[in-house]
Amino acid sequence: MAAVIVSGIAAGAVYGLFALGLVLVYKTTRVLNFAQAEIGAFSTFVAYALIVNAGLPWGLGALLALGAAAAVGVGFERAVIRPLVGAPRLTLVVATIGLGLLLGGLEVKLWGIDPKLLPTPFHGSGLHVADVYLSPPRLLALGITAAAGLLSVWFFRRTTFGLALLAAAHDVVGVRLTGIRLRHLSAFTWGVSSVLGGMAGIVISLSLGAFAPFFLNRIMLLGFAAAVVGGMTSLPGALLGGIVIGVTEALVSHFWISVPGLVEAVMFGTIVVFLLVRPIGLLGRAE
Amino acid sequence: MTALLEVRGLATGFGANRVLNGLDLDAEEGRATLLLGLNGAGKSVALKTISGLQPAWSGSIRLSGRELVGLEAEDRIRGGMGHVLQSKAVFGQLTVAENLRLGGATVRDRRQVAENMERVYTIYPRLRERASQQAGSLSGGEQAMLAVARALMAGPRLLLVDEPSAGLSPIMVEALGHTLGEIRKTGTTLLMVEQNVGFGLELADDVYVLEKGRVVYRGAAGELDLARVSALLGIGELLGPPKPTPAPRPARTTKRAAGTTKAAGATKAPGASRARGTTRTTKADGNGTAPNGRGRKEADG
Amino acid sequence: MVLFFAAAAALAPVLSRVAPGTFTPYLMLMLCFGLTYALAALPLNLLMGYAGQISLGHAAFLGLGAFATGIITGRDGLPFLLGLAVSALVGGLSALVIGLPALRLRGLYLALVTLGFGLAMFSLVFRLRTVTGGYAGVGVPRPEAGTFVFSRNADLLALIVVIFGLVWALDRNVVRSKVGRAFLALRQDEEVAAGFGIDVARYKLYAFVLYGALSAVAGAVLGTVIGFAQQESFTFDVSLLFVAIVLLGGARSRAGVAVAAFFFGFLPRYFSFLHGWELVAAPALVLYSLVRHPGGLGQSLELLRSARFGRAVGRGRQGAPVADGPGLGGGGAGGDGAAGDSGDEDTVATVTRLALPRPVGVDGAAASGGGTLEVRDIVVRFGGLAAVDGVSLAVDPGRITGLIGPNGAGKSTLFNTVSGFVRPERGTILLGGHDVSSLPPHRRAALGLGRTFQQIGLVKDLTVVDNLVLAQHRLADYGTPSALGHLPRAARREREMTARARETLVALDLERLGIHRLDQLSHGQQRIVELAAALLTAPGVLLLDEPSAGMSPAAAEALAERLLQVRDELGQTILLIEHHLPLVMATCTTVHVMDAGRLLASGPPAEVQSDPAVVTAYLGGVRV
């Protein structure tokens, strides 16, 4: 039982990472970013191309892949989101769907639909915690998520830029009137959110063992479920929601392993129940 | 006198709705300029167009001679302008100190930030006491102070203030008026919009009255043609029973000359029905009481 | 249109028999695919273009239909039509169940919930061996009619053309009816929609259920064309593809979306030379068209058509305003340059007799006027601050009652409390003697509370006539089946309402503007259309929220005369919030003055304006 929960927490950390990116964009722009999964998948493909095809060292390849993710996010903000300022939110959400399809199409064209394998950078044997085995990718996931969580807390409370982002979520005009250039903020948000998606993609591909175009669609559902559980606008909520979702997934697959797809159904149910009973999630704030 | 802000022929609007129609005004260095006018006359929109929140369709806005039209609001703020909105909104989920920090975000010199912070805390001691409190939990009056304080953090040369008194209790209005006076004394130029005429006039040096997005009256606060101003604002009737005198429907003229009291009654009282071309009003008595039925003066019409 | 579809349906089998060399079975099958895609895209277009919601579970709804039909016709050997009916039922019910929680909330939560629904259906339900035959799927046999089997592709195509034609007609009927107008209204602004008496939550759900049912029918047809229903046909990317199709087609354009979808169904199987680049090109095109060409294919089709018929279709995003019209509207806010000045001149002169047509479906006595409104001891608090603090007032029938006060006095809050958008902490609101305190806004509207908004409360991208028809929503007393079928009752009602809208425009001397989109009118013109729209519902009590805002003084003066006319000729009861005091003084019998959430004074204008307390409230510590 403890083993199930610990591995659920480890898996949930990645969902939290994914949800963190979703919440960051939603919090500051009120856009549900349905491209997040494909941004993650795309970065994983770039990492694969750099590490396996071009033979770069693992760390450098992964770093450049995250750079590519940031470029995609910033580019999307510049080319699509900014010209659509003032457009209905429906249009913006649909634009993210378009971006997801575009990236997915590129992956299929450039790398094909066959599953690929991203080599693991670890040669260690992982860790045993209270008779629970944590594989290196799991440890990496935990480490990255913890770091991302701490970093975002520092960023949002200690830096002017972070404070401005928080403020802009509720009062864009107010931030403009402080003279802080909002266009940088918006691009920054999309960039950071995309990097978080890229991290989640690479880490998940390690623990899954293989990846292919659109392989994160299922994770996107879990990520959104985590965001909804956390309250859609709360960053700590996203991380907490990720862990709740991870543990739920672990428990469901532990007890009903013979019913594939039950996890998705449970996640669907979770989203519905939270929207119905507690739309502000566990840590969200009523507006 | 040098005009810090020069607005010439400014026009803007929303879709087919034209709000500013060739607005001309000056804000003189170190003085407080007040914009009066009926609802919908374009006062708030004028401030928003000056600060860049509303795009100008045509015309020119110069701050110390530098053209601002075409610049983003962010860059105008960086160029030495502050703007306090009518909502006096603060960043509710941040603390008072964090609000002020964002206000000074564009000031590079850290010592300068600390100095500005000290200046703001001196004007508003209450904010120092509440520095680590969430801004959203402050009272309405304290939030208004914070909104002004935040705009001051960047050390603006020109501060635009939209309806400082709106939504505040009388005591708070008085306190805010006092601090705005202090701010002007330290050399910051003020450009204000105010519905509360009495409050506005107490602070102002120069007064403009807007109608349909144009200036229809301009004068120094001390030598105001009260009859005309109150007629333009449609509040003449409030100050005494109307005395119906048939008057011909006057032509619309735009009066921008620096002339003040002698203005002939050629400008139509907006919306005041034709029968009310003549308006009674009261003379300044300075003691702040309701001026009903004292010192009447007939407007020349 | 019916003839067109009938001819096409007849043509397909004939052509394939006459010229089998050109019209090969393969081509016929591909045409089947193309048309089925178009059929599948129409419901999503209805949901996105009209109701303004997204479904990311489109594939799941298609799958529901395909599997349901497969089970009924393939496994149980029952008729195809029953399969279609059950598909529609299953699709509609699923939509009802998932729409209930998602649509209660504002925003695009439906996208999230349908994402979950799509993935859950795909990975759980569609691969349950007992239900859907697991990975192998369920065979969907060709339909039979008596002894005739639609085994030839051309015959199947004919059948699909017929189904497509029916769905097309249904879609068109919905869009043309009060239902479609309600969708458009709530897409733009839910408060405005509620103000017209539209039950926002119900109509959103309604749109989604219709979407679910029609999508499942399309799924049933898709399963038939493929020959079997299988999990792998209904992946998440299929849902995304259809969203992209609707965008490329230009949401809201039935023809544009159908054409785009047709090519997506038809081309990939035929033109393999694209080598999969369409996967990249299509979404790139979607993004491009979102940013640069928001009208999509539908707009291009429209332009093409208007060019052919030589008629100008004003469809610019922010078209130039129509040249100054007479009526009250010309006042001031005209087109470019100095139009504002010339507008003032003709405003005062043109107030003529007010010949508003009588409302449809309401008998004379109840039609107008005579309404009463009373609020008792209303208290509204926002976070501890009392915005309205124990206000009681009554609005006299057949009179204009004014509500004035400085900014922030609580007038608008009181107003919103009366119309139902703000819940009071305590207090009672009596409309025509009924306690409406606990009713939602649209129910109050239905009971005879009309209102206008500070920002024009009409739908910007509908024509003036359509807006005036929309305003009569609560008088459109035909049922849903009638709307879907465009049955005589609905058709007659619609004709009457349109006629009434036109008569109204004639009465206001605005008939030239009828065919123009609302946002092409000047502000003043929009204002007067809004007032007319409010009067068309024959409200017992009409709330006017700063009607003179943004008007020139001359236009405001003309408005005063209009209001007096409305009062005298229609006996209309009006509660008026207004900053512009001359308008209040000229029209109101009683004036209430609010300050800091409380009533400061009430009485005839002459008394109120000399009340020292009122003067102080307005002028502060005056030293004027």
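What share of the contacts in chain A with a separation of 6 or more comes from residues 24 or more positions apart? The figure is 78%, where two residues are in contact if their C-beta atoms, placed from the backbone, lie within 7 Å.

A word on the source. This is a predicted model, in which local features need pLDDT of at least 70 and side-chain atom pairs count only at pLDDT 80 or more, while totals for chains, interfaces and linings use all residues. Residues are numbered from 1 along each chain as its sequence is written, and chains are lettered from A and ligands numbered from 1 in the order in which they are written.

Chain A to begin. Chain A has eleven helices and two strands; these are DSSP runs, H or I of at least four residues for helices and E of at least two for strands, numbered from the N terminus. Read from the N terminus, the order is α-α-α-α-β-β-α-α-α-α-α-α-α. The C-alpha atoms fill a box of roughly 55 × 50 × 35 Å along the principal axes. For 287 residues, a compact globule would have a radius of gyration near 19 Å, and the 18 Å of chain A agrees with that. That radius is taken over C-alpha atoms, and the globule rule is 2.2 Å times the number of residues to the power 0.38. Of the 287 residues in chain A, 57% are buried, meaning 20 or more other C-beta atoms lie within 10 Å of the residue's own, with C-beta atoms placed from the backbone.

Now the partners of chain A. On chain C, 35 residues are in contact with 39 residues of chain A. The elements of chain C giving two or more residues to that side are α4 (80–104), α5 (109–123), α11 (236–249) and α13 (278–292). The largest share, ten residues, comes from α5(C). By class, this side of chain C has 29 nonpolar, four polar and two charged residues. Here Ala, Val, Leu, Ile, Met, Phe, Trp, Tyr, Cys and Pro count as nonpolar, Asp, Glu, Lys and Arg as charged, and the others, Gly among them, as polar.

On chain B, 18 residues are in contact with 16 residues of chain A. Two elements of chain B give two or more residues to that side, α2 (73–78) and α3 (96–103). The residues on this side of chain B divide into nine nonpolar, five polar and four charged.

How values were computed. A residue is buried if 20 or more other C-beta atoms lie within 10 Å of its own, exposed if 12 or fewer, and partly exposed in between; C-beta atoms are placed from the backbone.
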